[in-house]
Amino acid sequence: AESPVSVFFPAPHAVSRDTSRVASAAASVRLNSSLGTAAVTLFEKVDVTSLFDLIESESASFEAREGVPLEASAVFAAALSRTAEAFPAIAPAAASGAALVNLAVDTALGTIYPAVVASRREGIAGLLRRLSDLKSRAEAGSLTQELSLGDITLITGRGAGTISSTPAVTPPQAATLAVHRAEETAVWKNGTWEPRRVAVAALSFDSRMVERETASDALLFFR
């Protein structure tokens with residue numbers, strides 16, 4: 001098992017606690033980001049009904065065919081990669097057509113953010129197989145270069161398990177997107193109320209690097 005590390009909280013809360021190295025590193029990143037960015041957050045509701053209906057209906061056959069379960073996080077990563085292609089200001093360091101996404105992966109040791117490329121050539125299945133391998137190696141303590149900082153961060157899963165939050169931007173990245181827990185709600189559509197599953201997507205961006213209008217357009221494009 002991983003040895004815990006001690007984290008000290010200065011006065012007026014002068015206490016310390018043991019935590020995992022993964023959690024300690026993640027907290028340090030969040031602290032540094034809050035001090036080093038001029039972050040603004042925009043929110044948009046995303047109708048994920050069709051996506052989750054597809055996952056529920058195709059999950060068994062997909063896993064039998066591809067060897068990994070079908071998960072929404074990979075679909076969101078692919079959509080964010082396309083968004084970064086269309087709006088390069090939110091991921092200015094990305095190579096053309098190949099945004100390196102720090103994607104939240106829940107492990108037994110906590111949530112990690114390895115850098116992955118959600119490429120069209122690899123597809124959703126290839127990305128899910130790579131994420132499964134990353135999770136296994138993280139729990140075995142053998143991740144190295146994958147934990148480097150990518151071009152943009154995507155938070156899903158336990159890190160975005162509430163209905164909304166304000167994700168932190170990690171310098172020198174320009175933006176972070178969080179897709180939160182989907183809730184079933186009634187939506188007025190075509191003259192009638194319909195039950196739909198809706199999630200809140202929150203895009204935090206460094207306003208020194210990204211214009212508000214650009215961030216708004218990018219979030220609507222992702223939706």
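Modeller: A salt bridge is here a side-chain nitrogen of Lys or Arg within 4 Å of a carboxyl oxygen of Asp or Glu. The model is predicted, and side-chain atom pairs count only at pLDDT 80 or more.

Biologist: With which residue does Glu183 form a salt bridge, and how far apart are the closest N and O atoms?

Modeller: Side chains of opposite charge can pair when their charged atoms come close. Glu183 is partly exposed at a relative accessible area of 36%, and Arg181 is also partly exposed, at 39%. Glu183 forms its salt bridge with Arg181, and the closest N and O atoms are apart by 2.9 Å.

Biologist: How many salt bridges does a search of the whole structure find?

Modeller: The pair of Arg208 and Asp206 is a salt bridge with an N to O distance of 2.7 Å. In that pair Arg208 is exposed, with 59% relative accessibility, whereas Asp206 is buried at 2%. For the whole structure, the number of salt bridges found is 10.

Biologist: Which residues are linked with Asp47 in a network of salt bridges?

Modeller: Asp47 forms a salt bridge with Arg196, with 2.9 Å between the closest N and O atoms. This pair links distant parts of the chain, since Asp47 belongs to strand β3 (residues 39–47) and Arg196 to strand β11 (residues 192–206), 149 residues apart. Asp47 is partly exposed at 39% relative accessibility, while Arg196 is buried at 16%. The residues linked with Asp47 in the network are Glu194 and Arg196.

Biologist: Are the side chains on the two faces of strand β8 buried or exposed?

Modeller: In a regular strand the side chains alternate between the two faces of the sheet. In β8 (residues 152–155), Ile152 and Leu154 lie on one side, with Thr153 and Ile155 on the other. Both faces are covered, and these four residues are all buried.

Biologist: What is the bridge partner of Thr153 in β9?

Modeller: Strand β4 (residues 100–103) runs parallel to β8 and is joined to it by three bridges, and Thr153 is the partner of Asn102 there. Three bridges also join β8 to strand β9 (residues 175–179), again in a parallel arrangement. The bridge partner of Thr153 in β9 is Thr176.

Biologist: Which elements do the buried residues of α3 pack against?

Modeller: Helix α3 (residues 72–86) has 15 residues and reaches 21 Å from its first C-alpha to its last, close to the 21 Å expected. Its buried residues include Ala72, Phe76, Leu80 and Thr83. The buried residues of α3 pack against α2, β4, α4, β8, β9 and α5.

Biologist: How many aromatic pairs does the structure hold, and what is the angle between the planes of Phe76 and Phe222?

Modeller: The structure holds three aromatic pairs. Phe76 lies in helix α3 and Phe222 in helix α5, so the pair ties together parts that are 146 residues apart in sequence. Both residues, Phe76 and Phe222, are buried. Their pair is tilted, at 6.4 Å centre to centre, and the angle between the planes is 45°.

Biologist: What is the centre to centre distance of the pair formed by Phe87 and Phe221?

Modeller: Phe87 is in the loop between α3 and β4 and Phe221 is in helix α5, so their pair ties together parts that are 134 residues apart in sequence. Phe87 is buried at a relative accessible area of 19%, whereas Phe221 is partly exposed at 45%. The pair is edge-to-face, with 70° between the planes and a centre to centre distance of 5.6 Å.

How values were computed:
Residues numbered from 1 in each chain as written. Heavy atoms only, no water. Buried < 20%, exposed > 50% of the residue type's maximum accessible area, 1.4 Å probe, protein only. Pairing = 2+ DSSP bridges. Expected span 1.5 Å × (residues − 1). Contact = heavy atoms within 4.5 Å. Phe/Tyr/Trp six-rings, centres within 6.5 Å; stacked < 30°, edge-to-face > 60°.
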